Amino acid sequence: MTETHPPGVLIIGGGVAGMAAARLLSGFEAAVHIVEKQERLGGHAGRWACMATDACLQCGACLSMEMADHAIAADRVTLHLGTRILKIHRNENGFAVDLDNGLSLLVKKIIAATGFSPFDATRISSYHIGEFPNVITTAELNDRLKGERSDDILGKHPAPEIAFIQCVGSRNRKIGADYCSQVCCKISMRHASKLLHLYPEAKITIFYMDLQVIGKEVRDFYDRLSGSVELVQGVPAEILADEQGEKLGIVTEDRGKRARKARRFDMAVLSVGMRPAEAMEETAGLLDLSPNSWGFFNTSGAPPHAPDIHVAGCARTPGDILSSMQDGRLVASRVIRDLELAPVSNDLHGDSEKNVPAVAVLGDGPQASRVARLVAADGYRAWLLGAPLQADPAADEPVGLSVEPNADVYEVSGTAGNFTVGYTAGGRRERLFCAAVIAAFEPHHAGIDAGFGSEKAVSSEVFSAMAKENPENLPDSVAIIFDYAGHENKALARTALEDALRAKVAGKTVYVIARKMLVHKADGQRLFDRVKKEGIYFLRYEDASGINIEKTADGFGLTVAEATIPTDHPVRVECGLLVIPPQVMASPDFPDKARLLRQRLDREGFLQSPNVRHRLTRSTRRGVFFAGSGHDETDVDDLRAETEDILAHIRALSVKMSAAGPPADPGVAINERMCAKCLTCYRICPHGAIVLNDKMMPQIDPAACFSCHLCMANCPAHAIDSEAFANNAFAEMAKKDKTVLFACERSAYLAAEEASLPEAVQMVSIPCACRMNVDVMLKALLGGASRVIVAGCHDGNCRSMDGAREAALGVRQAHRIPGMDESRVSFFSAAANEASRIRRILSKT
Amino acid sequence: MENAVINKESKLFKLSNRLMSDDNISECLTCGACNSRCTWFDEQLEGHRGPLPRQIVRMAAMGMDRGLVDSGMLWDCLLCNRCTEVCPMDITMDVVVRKARSLDIADGLISHDMKKGIKTRLELGDVNGLTKEEFVETVEWVSEEFTDDMDDPEAEIAYDKKGAKFLYLPNPRELGLNLLHLTAMGKLFYAMKETWTLSSAHTDVTNWGYFVGKDDIMRKMALMVVEPAEELGIEALVLSECGHGYHVLKVLLEDIIGRKPKFEVTSIPELVLDYAKKGVLKFDPSVHPYKTAYHDPCNIARKSGVYDAPRELLAMVCEGVVELSPNREDALCCGGGGGMLQDSESTNIRMVTGKRKAEQMKAAGPPNIATACLSCHRQLGELSKHYELGVRVDTVASMASEALVINTGASG
Ligand code: SF4
Ligand code: SF4
Ligand code: SF4
Ligand code: SF4
Ligand code: SF4
């Protein structure tokens, strides 16, 4: 067998992990093959319904539509849909892969992105799924929402009572699934939000074991949801038919009465967990991989016994859509590095020394140091600004890493590939030119004052140091309280449990007192089980008022209203050391950092908006990235993955920037003669794409521009020209007597393409809804349209941040004109995966 | 209101927290699954709130022996393990509750009948106080009747017969109120054409040591069965239809006596099914020209894993088996388990704990139900009467005996 060129890469599975890998690889000299059993790309995410209420809930499902389109269009990606692999032969050059479509592929690397299967809830007979029609799984609820069929059950009820039952098929050692599936709490919270949006009178109860409120998006919608949904700790294991056969019965604990009580619901939704893909054994056989005890292939790099085979996404470990995409990119990035794949055209990775791009890592603590090391280790010239380099005995001495520990960064200007970072250090003013910027700032850890002044409880960091250095010297008993002053942080919770084990092993009595135990990552449940098994006492409380702390002669005395024992038995815990992990909060200087980077904060004040178009690590500015717990709830492993992901993005970016010739024409340009130098465009460009030239004139940098046209829609001097979307073009675009639908090319347009539109509707694809100001809406009507409808992304889902809001504003302005109302000009938002919804909305026109 | 202190030295904690094994109360996830499964459902009764299974496990896990004993939950629990079936950590409720019942401080909660029964059983080998002389007298008389009935001088109900293949261990009621049942079982053995015997040393399949959770009593009672049986040199011990007796002597026996017995243990329905499958026993299902619902006794089904044998046998002896809903692993307890039926003062509680069972029997359709445990049999009968269900309650083995096609007279 001969060497093939370009080298082949086989991706098994066309879900989000596989597509993300393909997308990155498509910029490099590789022949990429996706083999997918189904006739379509997208996997589970591709079938997932949009969860947006008034705003996007950041699930990421809609992104799969665009990814699929990209994979179909990409030159060097070959799709084999509806295809199975018959055989894989390993030989000295790689693998020979026989497909059931008669083709045989020669590849160097294989990425297994074979996904997962939802837990088969019929395995738990007491839920009577399939038998009681109003017991469904989250997967089925999703299908109904997606097909707009949720009325099947709920239509009858003006105020339906709905129960969500968590952890069905997860966290259950008996059925061989002693892991948390990571996604089902989020899914149920999103589903509950969506149902409340559709049925505002609905009464929703979520029965959970430990609600996994982890991550910025989840904290955000949890906080909004907690007032309107009943959250009950304790997961029912049985659903009973009601005497009338209409309602469902669920028996739960009535703490007040110290007895059980039966509650009635119209519908029960089982939040089913993730199991290994049904075809897992087949995959294992083909690839000669051995699954772990749960059936996942938890080998991310090339496992020693199977070099050149990589596993990505949920085939490796349960995760959500965004993390699976990230995993796909990470793996693709490793493949690129291993095979030394050349970018499709000359790039910044050129072999000459001066071409190695520089990456600036901005930060103020250990995370930035870790990121900088990883960046340097990957062959980039790295600059660590604002934080000292931490010693790391496990890592090699970094090459190509410059450190300015005292740098105070005051400027990040320019665009991807061409940033200027200005900083002062020791009185000097310095400028650094770099291709990309990573912001890895530390959040603020707010110590919890339990009310005893100087004798307050110690933070988990202090405890950690004690437990690691000399656990024998700890007092005889240690109590740790989680969730005491707000949501627990997953990283701190995990370290505290590990430290608790150290204390226990050293013979101490340890109490873990929690409201909800975070069991993130596949092994989180096993850690929690081990903690209990080792004899650490686990106490559960309902809210902070249920814990009374007093100072005693040799420590603290806690009286805990323990939630799982009778109310008349508050539990008394005496401890020599009281540990309360700090609250991880936005640092007070984050607003400054956000201004510096020209980025928004999230609702809690952390860096980076939760917008799914840029998550997990990107920003609205190409080349500006976020890493670490200053922007999201991350632990050390996440930080590493984020950094690798950023490096993958930088790889892709350098390909884009160096594509032969000048960067693609964004289709917008500033007409210097007409420009009033008001700098409106400079201020509002969400992507930081407007730069000031030597004459201090605003200028659009094609490498950074996303062609959203916001600048054009807002320029008071009409100084911005567009090739395709000039004001006058709108009159010509509109067909006579048609309802013209101006649809965002990334959301509504993709969905409408799948929905067959009524005859009377003419669809026009626009780069972003923000182009649709009142002027162009009127132009279209003047051009003969009978009606103008603008459709953009859901609030919070716009790649350019506020496109939909801008368009909605334009519509409101139009309505102020006499004769203009909803029947002439209107706006709605939709996601790329909402074909059914778009069809319904437009069928009414 | 008294503060509960987590007590590391708790006796209960030590008894029921078997570190390094897989059913370990301190591993409870507090998931709450068990709470939704209790046979009490939402029922309550003056002075009896019924168990909250999670509270039982959690109080035990924190060493709150006194609080648990005082909670009133210990003897409300039916030891049915409906809750255990769904526990993700396999925490076995009947073990936890029985350990708690075994505490000295819980002795006062044991019912008068239970105490008395245990005493007589230990003294005489029979809960009802049947003496050896009475036993001999009764059996000899029944045996004569049996020989006549069968019209075969070889047909007998023997006792203490060395070298017999089977030793039948009856329920105490079979030697008292319900002698006909013993004869009915005798017919089955007769038709199998195997040698069988009773034992005068131990006349009783029950083991109330199980209900009070006291290992020493359970062991003594078990040995009272095992040792004489071994002396007789039997091949198999055949248990009468008794749920807890089966669970103790079949599933727990090795643990209790610390060794394997020198014989096999089976139950009469299982044995009969074997012989029917071999073609030795033949039935005429038209004797019961109707369909019959089957009730899974908790001790035989969930706790011992026997679901199919009684159903298969039942299907051979009537027009077919009707399933109750829910059934098998999810079956509802009759409401009389855990020692309730052994306490004559529990009748009104049992009618409450059995309410769902009664509803289920009504909803099932046919006015006939059979089970494989004489305790369940009694409770179901009382439920049928109390709730005026008009359901006829039988046991599988007695129906088999009724439907048996037998060639009377010597050498068939
Ligand atoms: S718009 Fe997209 S990311 Fe937002 S909720 Fe809908 S599908 Fe999810
Ligand atoms: S705790 Fe974990 S397994 Fe359970 S529902 Fe939540 S995410 Fe899923
Ligand atoms: S089109 Fe959008 S991205 Fe490009 S310069 Fe204008 S506002 Fe910025
Ligand atoms: S064993 Fe039965 S009665 Fe006892 S707590 Fe469990 S379900 Fe309830
Ligand atoms: S079902 Fe098991 S793990 Fe869950 S609360 Fe009950 S005893 Fe604990």
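A residue counts as near a molecule if one of its heavy atoms lies within 4 Å of it. I used that cut-off for the ligand shells below. The model is predicted.

**Entry: ligand 4**

I looked up the shell first. Ligand 4 has 13 residues around it, and those that come nearest are B:Cys38, B:Cys77, B:Leu78, B:Cys80 and B:Cys83. I then sorted the shell of ligand 4 by class. Nine residues are nonpolar, two are polar and two are charged.

**Entry: ligand 5**

I asked which residues surround ligand 5. One stretch of the list runs B:Cys28, B:Leu29, B:Thr30, B:Cys31, B:Gly32, B:Ala33 and B:Cys34. B:Arg54, B:Val57, B:Cys87 and B:Pro88 complete the list. By class, the shell of ligand 5 holds eight nonpolar residues, two polar ones and one charged one. I also checked where ligand 5 sits, and found it in the second largest cavity.

**Entry: helix α11 of chain B**

I took the span next. α11(B) covers residues 243–257, which is 15 residues. From first C-alpha to last, α11(B) reaches 19 Å, close to the 21 Å expected at 1.5 Å a residue. I then looked for a bend. α11(B) has a kink of about 60 degrees, centred on B:Val251.

How many of the 15 residues of α11(B) are buried? I found eleven, and the helix is mostly covered. The buried set includes B:Gly243, B:His244, B:Gly245, B:Tyr246, B:His247, B:Val248 and B:Leu249. Further along, B:Leu252, B:Leu253, B:Ile256 and B:Ile257 are buried as well. I stepped past the end of the helix too. Just after α11(B), B:Gly258 has a positive phi of about 75 degrees.

**Entry: cis peptide bonds**

I noted one in chain A and one in chain B. In chain A, the bond from A:Arg615 to A:Leu616 is cis, with omega near 5 degrees. I placed A:Leu616 in the loop between α14 (590–597) and β35 (624–626) of chain A. In chain B, B:Ser325 and B:Pro326 are joined by a cis peptide bond with omega about 0 degrees. I placed B:Pro326 in the loop between β7 (320–323) and α14 (347–353) of chain B.

I looked at A:Glu148. Its phi is near 55 degrees, a positive value in a residue other than glycine. A:Glu148 lies in the loop between α4 (138–146) and α5 (151–154) of chain A. I read 31% relative accessibility for A:Glu148, so it counts as partly exposed.

B:Lys193 is in the loop between α8 (179–192) and β3 (196–197) of chain B. Is B:Lys193 buried or exposed? I find B:Lys193 exposed, because its relative accessible area is 58%, and exposed means over 50%.

I located A:Ala268 in strand β16 (residues 267–272) of chain A. A:Ala268 has a relative accessible area of 0%, so it is buried. I checked one pair. A:Ala268 and A:Ile239 are 29 residues apart in sequence, with 8.4 Å between their C-alpha atoms.

I located A:Ala391 in the loop between β20 (381–385) and β21 (401–404) of chain A. A:Ala391 is exposed because its relative accessible area is 74%. A:Ala391 and A:Pro366 are 25 residues apart along the chain, and 9.7 Å separates their C-alpha atoms.

Technical notes
Residues numbered from 1 in each chain as written. Chains lettered and ligands numbered in written order. Predicted model: local features only at pLDDT ≥ 70, side-chain atom pairs only at ≥ 80, totals over all residues. Heavy atoms only, no water. Helix = DSSP H or I, 4+ residues; strand = E, 2+ residues; numbered from the N terminus. Expected span 1.5 Å × (residues − 1). Bend = angle between axes of the 7 residues up to and from the residue. Buried < 20%, exposed > 50% of the residue type's maximum accessible area, 1.4 Å probe, protein only. 1 Å grid on protein atoms, 1.4 Å probe; cavity = no way out; pocket = protein on both sides within 12 Å on 5 of 7 lines; lining within 4 Å. Sits in = over half its atoms within 2 Å of the grid points. Nonpolar A, V, L, I, M, F, W, Y, C, P; charged D, E, K, R; others polar.
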